[in-house]
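Q: I have a structure here that I'd like to go through piece by piece. Could you look at it with me?

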Amino acid sequence: MIAALLLLLVTTMAAKAAELLPGAASDDPIWTDKPVRIDRSKQTYERLAVEHIMTPLRIPVSSRVTVLDSTSFRDGGRLYVLTNAVAVDAKRFCRGEGGAIAVCGQKARIVLRQLVANRTLFCQQDFRIGPATFLTCTSGGKDIAQALIAAGAAWAATPEGMPAQQQAMQKKAGIWIDAECRALGRCPPVKRR
């Protein structure tokens, strides 16, 4: 009995020292192990903002990937398109200096294949239309769209890609060997006969 009285006296003094009032208010659990309905008109708990963290999609691309053009590929029955770059038509021919003709559309496809085949891509899904998923992807810490633009295998679809495009144009890399493409800042559509 004396021990119980002494324990009550010690807990009351500790509560007063911590400026807490003894009673039911200080004994309520802060966390519960089951869902609790909160009536906001009676309870004034602080609301914490929850940061929404988007985990990137992890896409392992096989060696059997089908590259359609310089920004889109099909693997495992799914169609993926890179959002931040504009594709070069796979049938595109470019006229270099001295009149030499280059198959720059096929070369652009090869660049994309080298960047994605047998690699794991970490992507952010931008949007989806029908069977096509539009993505922003990195591989080995490099943005794939930026790498395509820098190699002259695509042109910039966003202002972020313009510095890489300007450098590729100065180097006359990929599609930028064609004077008409350089003059327009993009390659015009293939002319049909």
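Q: Which strand do two bridges join to β9?
A: Two bridges join β9 to strand β10 (residues 142-143), and the two run antiparallel; strands here are DSSP runs of E with at least two residues, and helices are runs of H or I with at least four, both numbered from the N terminus. Two strands count as paired if DSSP finds at least two bridges between them. Please keep in mind that this is a predicted model, in which local features need pLDDT of at least 70 and side-chain atom pairs count only at pLDDT 80 or more, while totals for chains, interfaces and linings use all residues. Residues are numbered from 1 along each chain as its sequence is written, and side-chain values use heavy atoms, with hydrogens and water left out.

Q: OK, and what sits opposite Ser139?
A: Ser139 stands opposite Lys142 in β10. β9 and β10 form a hairpin with two residues between them, and Gly140 in the turn has a positive phi of about 65°.

Q: What about β8 and β9, parallel or antiparallel?
A: β8 and β9 pair in the antiparallel sense over seven bridges, and Cys123 stands opposite Cys137 in β9. Their hairpin has two residues between the strands, and Gly130 takes a positive phi near 55° there.

Q: And in which sense do β4 and β9 pair?
A: β4 and β9 pair in the parallel sense, over four bridges, with Val81 standing opposite Phe134 in β9.

Q: How many of the eight residues of β9 are buried?
A: Six of the eight are buried, so to speak covered, where buried means under 20% relative accessible area, exposed means over 50%, and partly exposed lies in between, using a 1.4 Å probe and protein chains only.

Q: New topic: how many aromatic pairs does a search of the whole structure find?
A: The search finds two aromatic pairs; rings of Phe, Tyr and Trp (its six-membered ring) pair if their centres lie within 6.5 Å, and planes under 30 degrees apart count as stacked, over 60 as edge-to-face and the rest as tilted. Phe73 and Tyr80 form a tilted pair, 5.3 Å centre to centre with 40° between the planes, and both Phe73 and Tyr80 are buried.

Q: Why is the pair of Phe127 and Phe134 stacked?
A: The pair is stacked because the planes of Phe127 and Phe134 are at 15°, with the ring centres 4.5 Å apart. Phe127 counts as partly exposed because its relative accessibility is 37%, whereas Phe134, at 19%, counts as buried.

Q: Now α3: why do its buried residues line one face of the helix?
A: The buried residues of α3 are Cys104, Gly105, Ala108, Leu112, Leu115 and Val116. Seen down the helix axis, they fall within an arc of 110°, so they line one face of α3; the arc is that of the directions from the helix axis to the C-beta atoms.

Q: What is Val116 in contact with?
A: Leaving aside neighbours within four places in sequence, Val116 is in contact with Val61, Phe73, Leu121 and Ile144, where contact means heavy atoms within 4.5 Å.

Q: Which residues touch the most other members of the largest nonpolar core?
A: Of its 37 residues, those are Phe73, Leu112, Val116, Leu121, Ile144, Leu148 and Ile175. Such a core is a set of buried Ala, Val, Leu, Ile, Met, Phe, Trp, Tyr and Cys residues joined through side-chain atoms within 4.5 Å.
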